[in-house]
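This report describes selected features of one protein model. Please keep the structure in view while reading.

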Amino acid sequence: MPKERPSALVKAMNFLAVRSLSELELLNKLRRAGYPDDECDAAIAECVNRHYIDDGQLTADSVDLLRQRNLGSRQIRQKLARRGLDSEAVSEILASSPEEEEAAAMRAMESKLRLLSRESDPRKKREKLFRFMASRGFSAGIIFKLMDKLT
């Protein structure tokens, strides 16, 4: 006898038991699992109602986590946009703590400088450092400001 397929709500809770998801991520997972849109919407509404999903809290937590990983604002915005989180909320959180971005940039730059300690050419060292920091999502203004302090 074939096994009965779990409801969209049960499937959603199974997904959420593994890790926190945004509403968009959960919707996409449920769609890929083959549930119709009306069941997906009902399951997501119930998860929101039960406070299993909270995009606002997920946004704040994700910004904090990515800051701890020494990422810049641009990189954080891109990663959270891919997760379907509100870009305005992300921008508000990032704007409320500009000193945290500079601190994250300083930590990232110091760790990269340790790796670049064997580079003898100062110009190459600055170029490599700049490329690294830009790839982490930091603005050119912050990068140059900190480079002047450290190098």
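## Salt bridges between helices

At 42% relative accessibility, K145 is classed as partly exposed. In this predicted model, the side chain of K145 forms a salt bridge with that of E102, with 3.0 Å from N to O. This pair connects distant parts of the chain, since E102 lies in helix α7 and K145 in helix α9 (residues 140–150), 43 residues apart. E102 is also partly exposed, its relative accessible area being 22%.

E102 has a salt bridge with K149 as well, where the closest N and O atoms are 3.5 Å apart. Here too distant parts of the chain are linked: K149 belongs to helix α9 and stands 47 residues from E102 in helix α7. K149 counts as exposed, at 52% relative accessibility.

## Salt bridges in total

The structure contains 10 salt bridges. Side chains of opposite charge can pair when their charged atoms come close. One of the bridges joins R31 and D37, whose closest N and O atoms are 2.9 Å apart.

## The buried side of helix α5

Helix α5 spans residues 73–82, and its residues S73, Q75, I76 and L80 are buried. These residues lie on the same side of α5 because they cover an arc of only 160 degrees around the axis. The buried residues of α5 pack against α4, α6, α7 and α8.

## The largest pocket

The largest pocket has a volume of about 160 Å³. Its lining includes L58, D61, K79 and L80. Helix α4 contributes the most to this lining, with 5 residues. By class, the lining has 4 nonpolar, 1 polar and 4 charged residues.

Methods: Residues are numbered from 1 along each chain as its sequence is written. This is a predicted model: local features need pLDDT of at least 70, side-chain atom pairs count only at pLDDT 80 or more; totals for chains, interfaces and linings use all residues. Side-chain values use heavy atoms; hydrogens and water are left out. Buried means under 20% relative accessible area, exposed over 50%, partly exposed in between (1.4 Å probe, protein chains only). Helices (H or I, at least four residues) and strands (E, at least two) are DSSP runs, numbered from the N terminus. The arc is that of the directions from the helix axis to the C-beta atoms. Contact means heavy atoms within 4.5 Å. On a 1 Å grid over the protein atoms alone, a cavity is a set of points where a 1.4 Å probe fits but cannot get out, and a pocket is an open set with protein on both sides within 12 Å along at least five of seven lines; lining residues have an atom within 4 Å of a point. Grid points are joined across faces, edges and corners, and a volume is the space filled by probe spheres set on the points. Ala, Val, Leu, Ile, Met, Phe, Trp, Tyr, Cys and Pro count as nonpolar, Asp, Glu, Lys and Arg as charged, and the others, Gly among them, as polar. A salt bridge is a side-chain nitrogen of Lys or Arg within 4 Å of a carboxyl oxygen of Asp or Glu.
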